[in-house]
Amino acid sequence: MKFTLSWLKDHLETEAALDEIVETLTRIGLEVEYVVDPAQKLKDFTVAYVIEAKQHPNADRLRVCMVDIGSGTPVQVVCGAPNARTGMKSVFSAPGTYIPGKDMTLGKGVIRGVESNGMLCSAAELQLSDDHDGIIDLPGDAPVGARYVDYAALSDPMIEINLTPNRPDATGVHGIARDLAAAGLGTLKDHAIKPAEGSFACPVDVKLDFATEDKHLAPLFALRLVRGVRNGPSPDWMQKRLKSIGLRPINALVDITNYVTFDRGRPLHVFDAKKVSGDLVVRRARDGEQVLALDGKTYTLKPETVVIADNNGVESIAGIMGGEHSGCDEATTDVLIESALWDPMNIARSGRDLGVVTDARYRFERGVDPAFCIPGAELATHLVIELCGGEPSQLVVAGEQPRSETAIDFPLSEVQRLTGLTLETSDMVRTLEKLGFGVLGQATNADRVIVNVPSWRPDVEGKADIAEEIVRIAGVDSVMSTPLPRLDAAVARPILTLLQKRTRLARRALAAQGLVEAVTWSFVSKEQAQGFGGGQPELALANPIAADLSDMRPSLLPGLLKAAQRNADRGLGDVAMFEVGQVFKGAGEKDQRITAAAIRRGTAKPQGAGRHWSGRAGAVDVFDAKSDAMAMLAALGVPLGGLHVVAGGAAFLHPGRSGTMQFGPKNVIGWFGEFHPRTLEMLDVEGPLCGFEIVLDDLPAPRAKPTKVKGKLELSEFMPLERDFAFVVDHSVAAAEILRAVQSAERSMIAAVNVFDVYEGAGIPQGKKSVGVAVTLQPREKTLTDVEIEQIAGRIVAEVTKKTGASLRG
Amino acid sequence: MSDLLSLESSTLADIAGAADEAQLEAVRVAALGKKGSISALLATLGKMSPDERKTAGAAINALKDKVGEALNARRTILKDAALEVRLASETVDVTLPVRDAPSETGRIHPISQVMDELTAIFADMGFSIAEGPDIESDDYNFTKLNFPAGHPAREMHDTFFFQPDAQPGSLGERKLLRTHTSPVQVRTMLSSKPPIRVICPGRTYRCDSDQTHTPMFHQVEGLVIDQGAHLGHLKWVLEEFCKAFFEVPNVKMRFRPSFFPFTEPSMEVDIQCRRSGGEIRFGEGEDWLEILGCGMVHPNVLRNCGVDPDVYQGFAWGMGIDRIAMLKYGMPDLRPFFEGDVRWLSHYGFKPLDMPSLAGGLSA
């Protein structure tokens, strides 16, 4: 919403300076976006008198002027304007002045051998109009040496406020003035609008043609003919105001409608009566009906949109934009003035469907004052008669003003309850009354009053709204900040859930592995979603912002893999990244899971990437991914006893170089591995790449413990001892099976089992491998004898042989 | 006796001349070994008369002791020399660079870091962290929050929608991506009883993309519901939060009346700052920077969530996590937050052990 200071002062009697007005507007909720004072950029331009203009000695089109600029010493200026002549008054700028229309700062110059000490300016150079045919020609009484902005009264600052959608009343200057008056910045001027005396019946009738359930679409419609008007340019003052808020003056009749729109927040429409055929019918559009609107575009309408039609068809899109056919131009002699009420929701929807934003739609969709519909028609009539002459008809009114009287039972204590602010009752009542609210019943009950909401405030529905009105005018800054008491007057308690803790810890653990955290889009392309187990129709956006961001991600990996490739494309091929975030298995709320995923590319090993004197890092592989996954699980305190790693992972992984991590066959928590070549091809990324993804929601909780006491530390007095075994097994036997078999052979004594060697080749039969296993035995009660050690070793070998078909390597 | 003297001098000369421990050992064996020269002399004592033995014995034993001492002394010298040689041979170039520790190269994304900072601050004030799904119903994202259907405020949200539910028996509901984290407030009120103190951080979405908007961003909202929570408390919470978060002793804040469908009264909050170049300093200066929106929870919202607005009241606020991260840590643009450029992440990210805490300070 834009207006100028002088326009505001038409409605507000005030002595307040611009700064105070601007500050107050923001303070009471009409946030000032910016203030533009056109005078600011033109402050250095002055009125000058051309003492003499004679032909330039060296140029046919130039004149050399001696100019009186009010300083006592005439100044010589070379001027190229055809209208420069002796005895005229114009606008002068001295060297050093910024010329807005040329975006340059004027210098002293010598033009074709003649010195020039300034410039006489055109209106275009001052950005006052497009006129650059000659210099500004001022009347003879213009005072030489005066600032041009003062002489031309250009100093009228324009204020733009960022209007919140709940304040239709402030879409007009009058409503803004009312708020400022309530805030103590002056007195609201009351412009009583008298009905225009119609001397004849309006020859055009209006019919509201709606089914009963649609009557709300157009509850009230007022129409009047003014005949015998002369439509030309609107007066200078009106043009100036419209221009300063960015509107282009068209002609007086159209300008009046725009003026009232901004002056009162009351959009109007004018039809050229001679172009209207028969009566006006207000109705839903017929499906596919077309109208050429005033913006020069043809709109194809649907029945959701309301139109004003006559025998010619649609003449206007209700509440949004008039039609070109019956628009007013310089030839208009008879004008029909429309002031109507429309349904805000319907206008919002129609405007959205048609993709049109107009000043009328802006107001109607917020809800214009229903009580000002008829006064609006009268105000427009007076302006038409004043500016264009003519003779008004009687007013035709179809429908009736909807009753919108809201009365709110308001305990004045509500203000303190909601805001903590203590105000005098009389101040609260005065604020409400100045805003136009009626306050009743205070005499009978000191605390409770009945507040009648004015017709221009459809946003005020209840007690909280009334409290807001009082507080915003009193100033939110006057609310004292008050410490919020602690719920438990003690040390703050832990608040994170297990999953929240694990989500945070997972990030720290992975970063501590040297991985860099990325945050990638929650959406991926359909193809990527499908490639990672997603792509269900319920996870596809109906209105994606781009084709490659169309589906909710089923996995964090495609986003990470693409990011890694972008880094590689910039020359950073060895990247290690992770993300901890949501993935979507379906559209239900339980289908959203928190997962942690990491990828490594190139040689970005956990120990460091690339070449180094201490050893060159090789390509990342499945075990780097596994190590990241295990490090994270360990940091999260997941009890790893029941964790099984099974060969093979998700379809997007390399089938022979990936593993599935699970707690029992039904609780798969994730995968790790190298990627399937087809996955890389689909994503258009290059390896070597490995990664893992684990669903944090699915991890088992740590066992609950009754106290924080750690279990008793039991130290054995006896030396541990280590025995090595080399088992020859089939190539397909998993190391984990051997380790499990070892463990189960002698549970009480075995403290640790590790694989120290895996060998295939010479000395080992084809299709077999040798797995070197180191077993640490920890005696608890006595030192083991050689015989006892041999017995244990025998049991281990027997168990491994039984479970895996192994033989001891000879 | 001259034999003894010459033996002494030749043995001591041999000891002094031994170049290493092996040679020294050979000298020892030659002198003191079973068949050594001094051992042989000692063996002659048995055949001597007591007087001779007394004299000669003392002299030979003195020689033996002297040679023994000389051997020990020489051994120590040779050992030290040998150790020095060994140590010298083991010398390496300690100026060679070592690899960076993984905890040195790993990074936490600024959004995660700021979420941890928010958690530290609000946990201390007794707030829990509430979360909800990104895929929401229209009811929770709009209707329960007092956005009337078709209202312009709803249109300002640039909502991402899913296709209407085509399952047989469904109501054809059209799910959406939440446009703000406010539906988590609805869920919290529906599932728990006052007093309520939660913050709701999370991902939010709007189909808007330009220099300063991304289709996905992060918000944090706060909600307090009890019997006496009023605007003054809201101001205090926000002031304390801003001081703690921006780590400045004072902040000046400006509360401007505004409009949100779900709060009444509603306010936007500006924070005082000084801008110079690309840098913003809080707690000083003449500029105002909009940082968050807030207000008293609208009675309709309370009612919609099963809370009696005549008994309970409360306040809520919301702000952009990405935005406050940018303000605090000076990232000039939003878009790189989501591009996964490791150069950006390494520069603006945080080290894994930089854990925000109130005791140690939020940032290093």
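Biologist: How should confidence be read, and what is the mean pLDDT of chain A?

Modeller: Where pLDDT is low, the predicted coordinates should not be read in detail. The present structure is a predicted model. In chain A the mean pLDDT is 92, and 99% of the residues reach 70 or more. Among the elements of this chain, the lowest mean, 79, belongs to helix α3 (residues 38-41) of chain A, while strand β30 (residues 516-517) of chain A has the highest, 98.

Biologist: How does one judge the overall shape of a chain, and what is the radius of gyration of chain A?

Modeller: One sets the radius of gyration beside the value that the globule rule gives for the chain length. Chain A contains 20 helices and 42 strands. Its radius of gyration is 42 Å, well over the 28 Å given by the globule rule for 810 residues, so chain A is more spread out than a compact globule. The C-alpha trace of chain A spans about 125 × 85 × 60 Å along its principal axes. Of the 810 residues, 42% count as buried. Among contacts in chain A between residues at least 6 apart in sequence, 69% join residues at least 24 apart.

Biologist: What does the radius of gyration say about chain B?

Modeller: Chain B has 13 helices and 10 strands. Its radius of gyration, 43 Å, is well over the 21 Å that the globule rule gives for 364 residues, so chain B is more spread out than a compact globule. Along the principal axes, the C-alpha trace of chain B spans about 135 × 50 × 45 Å. Buried residues account for 42% of chain B. Of the contacts in chain B between residues at least 6 apart in sequence, 65% join residues at least 24 apart.

Biologist: Which residues does Val384(A) touch?

Modeller: Leaving aside residues up to four places away in sequence, Val384(A) touches Val226(A), Val229(A), Leu253(A), Ile256(A), Val335(A), Ile337(A) and Gly390(A).

Biologist: How is the size of an interface expressed, and how many residues of each chain are in contact here?

Modeller: The size of an interface is often given as the accessible area lost when the parts come together. Here there are residue counts: 68 residues of chain B are in contact with 79 residues of chain A. Helix α10 (residues 231-246) of chain B gives the most to the side of chain B that touches chain A, with 7 residues. By class, that side has 34 nonpolar, 19 polar and 15 charged residues.

Biologist: How many residues of helix α9 of chain B are buried?

Modeller: In helix α9 (residues 182-191) of chain B, 8 of the 10 residues are buried, so this helix is largely enclosed by the rest of the structure. Among them are Pro183(B), Val186(B) and Met189(B). What covers the buried residues of α9(B) includes β4 (196-205), β5 (216-226) and β10 (313-320) of chain B.

Biologist: Is Thr159(B) buried or exposed?

Modeller: Thr159(B) counts as buried because 21 C-beta neighbours lie inside 10 Å. Thr159(B) is placed in the loop between α8 (152-155) and β3 (176-177) of chain B. Thr159(B) and Tyr205(B) are 46 residues apart in sequence and 7.3 Å apart in space, C-alpha to C-alpha.

Key
Residues are numbered from 1 along each chain as its sequence is written. Chains are lettered from A and ligands numbered from 1 in the order in which they are written. This is a predicted model: local features need pLDDT of at least 70, side-chain atom pairs count only at pLDDT 80 or more; totals for chains, interfaces and linings use all residues. Two residues are in contact if their C-beta atoms, placed from the backbone, lie within 7 Å. Helices (H or I, at least four residues) and strands (E, at least two) are DSSP runs, numbered from the N terminus. Ala, Val, Leu, Ile, Met, Phe, Trp, Tyr, Cys and Pro count as nonpolar, Asp, Glu, Lys and Arg as charged, and the others, Gly among them, as polar. pLDDT is the predictor's confidence in each residue, from 0 to 100. The radius of gyration is taken over C-alpha atoms; the globule rule is 2.2 Å times the number of residues to the power 0.38. A residue is buried if 20 or more other C-beta atoms lie within 10 Å of its own, exposed if 12 or fewer, and partly exposed in between; C-beta atoms are placed from the backbone.
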